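Please keep the sequence and the model in view while reading the numbered points.

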Amino acid sequence: MLEINNLTVEIGGRRILKGVDLDVEAGYTNVLFGPNGAGKSALLMTLMGFSGYNVVEGEIIFKGEDITNMSVYERAQMGMGIMTQRPPNMSGVKLYDLLNVISKDMKDTEALAEAIDMVRFYERDVNVGFSGGEIKRSELLQLSAQNPDFILLDEPESGVDLVSIEQLGKTINSLLQKDCKCPGDRCCHGKSALVITHTGQVLDYIEADRGYILCNGTVMCSGNPREMLTEIKEQGYEECIKCKLMKI
Ligand code: ADP
Ligand code: MG
Ligand code: MG
C-alpha cells in the first residue's frame, strides 16, 4: 500500500528526516513512536504532500505509483487522508458546509455526527473555539466523510480527556474497519493506517500490526508495537534506540 524508501526531507533548509524506510501493507495498521521533535509529524505531513516539506532524496510509493511529487489533492483523490496534530481554524467555513463538500456519503457522515455528538457543531466555524476533544472529533468526522483507504493519524489522543479517549478510540477503530467484509473483527484487506502515538493510549482500541521508532529523523527499530510500547514505558527511548528490541 505504502512504501517509503530512503526518504530525506528538509524544512527551511534544515534536514528533518534522514533516509527513512518504512512500509505499510494493505489492511495493516502500523504505529510510529518516537520522542518529541523526532520528525514524526514531519513524516506524515510529507506523506500527505504539504508544502514546505522538501523531499531531497528518496521516494514515496503509494498503491504502486510514485507520488513523491504529487499534490495534496492528487494524493487525497488516490485515497489518502490525514488527521493532523494541530489542525487549523477555518473562520467563515461552517462544519456542515465543509462536510457537505467532502462527504462521499452524506447520510453516513450524518449518522457518525449523531453518534459522536457533533450535530450541534454543524453551524459553527470549523475548529473555531472548539476544545481539544471537540477538535479531534471534528477532524475524525471530516476524515470519515472522505472515507480514505489509507489513513494517517497524528497523535489522535492528544488533548483528549481520559473519558473521551474511549469514544475516540472506538470511532477510530470503526473507521479502520469500515467497509470490511471479512468475518470476525480483524480485517484482512480493509483500510490501512499509519498512526503516531506518544502515549500509546490509542493502542487499547485499535489492532496495530507493526511498530516503528523514529529518532532524530531516522527509523531506528521496527517490531511488535505492544512489546515496543512496554519497552518504551520501562526504559524510555534511550534504550530503545540502541535497538535492543527484536527486529522482525
Ligand atoms: P515530532 O512530531 O516527532 O514531535 P516534528 O515532526 O513536529 O516532531 O518536528 C521535527 C523537527 O522539525 C523539530 O525540530 C521541529 O522544530 C522541526 N520543524 C517542524 N516544522 C518546522 C517548520 N515549519 N520550520 C522549521 N522547523 C520545523
Ligand atoms: Mg485493517
Ligand atoms: Mg508531532
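The points below treat the sheets, the helix packing and the surroundings of the ligand in turn.

1. The structure is a predicted model. The remarks that follow should be read with that in mind.

2. The sheet of 4 strands. One open sheet has 4 strands in the order E2-E1-E4-E5, and its pairing is antiparallel. Its edges are formed by E2 and by strand E5 (65–66), each of which pairs on one side only. Helix H1 packs on this sheet and touches E1, E2 and E4. The direction of H1 makes about 70° with that of E2.

3. Pairing of E1 with E2. Strand E1 (residues 2–11) is joined to E2 by 7 bridges in the antiparallel sense. Within this pairing, isoleucine 4 has leucine 22 in E2 as its bridge partner. The two strands form a hairpin that has 2 residues between them. Glycine 12 lies in the turn of this hairpin and has a positive phi of about 50°.

4. Pairing of E1 with E4. E1 also pairs with strand E4 (residues 54–62), again in the antiparallel sense and over 7 bridges. Asparagine 5 has glutamate 59 in E4 as its bridge partner, and glutamate 10 is partnered in E4 by asparagine 54.

5. The sheet of 6 strands. Another open sheet has 6 strands, ordered E6-E9-E10-E3-E11-E12, with mixed pairing. Which strands stand at the edges of this sheet? They are strand E6 (80–83) and strand E12 (218–223); each has a single partner strand, so one side of each is left without a neighbour in the sheet. From one strand to the next, the twist averages 20°. H1 packs on this sheet as well, where H1 touches E3, E6, strand E9 (150–154), E10 and strand E11 (210–215). Here the direction of H1 makes about 150° with that of E9.

6. Parallel pairing around E3. Strand E3 (residues 29–33) runs parallel to strand E10 (residues 192–196), and 4 bridges join them. E3 also runs parallel to E11, to which 4 bridges join it.

7. The hairpin of E11 and E12. These two strands pair in the antiparallel sense over 5 bridges. Cysteine 215 has threonine 218 in E12 as its bridge partner. The hairpin has 2 residues between the strands, and asparagine 216 takes a positive phi near 50°.

8. Packing of H3 with H5. Two packed helices are described by the angle between their axes and the distance between the axes. For helix H3 (residues 95–102) and helix H5 (residues 132–146), the axes come within 8 Å and cross at roughly 25°. Angles under 35 degrees count as roughly parallel, and H3 and H5 are therefore roughly parallel to each other. Their crossing is right-handed. On the H3 side the contact involves Leu95, Leu98, Leu99 and Ile102, which meet Ser138, Leu141, Gln142, Ala145 and Gln146 in H5. The residues of this contact divide into 6 nonpolar, 3 polar and no charged.

9. Packing of H5 with H6. How do the axes of H5 and helix H6 (residues 162–177) lie, and at roughly what angle do they cross? The axes come within 11 Å and cross at roughly 10°. H5 and H6 are therefore roughly parallel to each other. Gly133, Lys136, Leu140, Leu143 and Ser144 in H5 meet residues of H6, namely Ser164, Leu168, Thr171, Ile172 and Leu175.

10. The shell around ligand 1. There are 13 residues around ligand 1, and those that come nearest are Gly37, Ala38, Lys40, Ser41 and Ala42. Strand E2 (14–24) and helix H1 (40–48) are the elements that give two or more residues to this shell. The largest share, 3 residues, comes from H1.

Technical notes: Residues are numbered from 1 along each chain as its sequence is written. Chains are lettered from A and ligands numbered from 1 in the order in which they are written. This is a predicted model: local features need pLDDT of at least 70, side-chain atom pairs count only at pLDDT 80 or more; totals for chains, interfaces and linings use all residues. Axes are lines fitted to C-alpha atoms, for helices over the stretch in contact, and angles run from 0 to 180 degrees between N-to-C directions. Angles under 35 degrees count as roughly parallel, over 145 as roughly antiparallel, 65 to 115 as roughly perpendicular and the rest as oblique. A crossing is left-handed if the near helix is turned anticlockwise from the far one by less than a right angle, and right-handed if clockwise. Two residues are in contact if their C-beta atoms, placed from the backbone, lie within 7 Å. Ala, Val, Leu, Ile, Met, Phe, Trp, Tyr, Cys and Pro count as nonpolar, Asp, Glu, Lys and Arg as charged, and the others, Gly among them, as polar. A residue is near a molecule or strand if its C-beta atom, placed from the backbone, lies within 6 Å of it. Two strands pair if DSSP finds at least two bridges between them.
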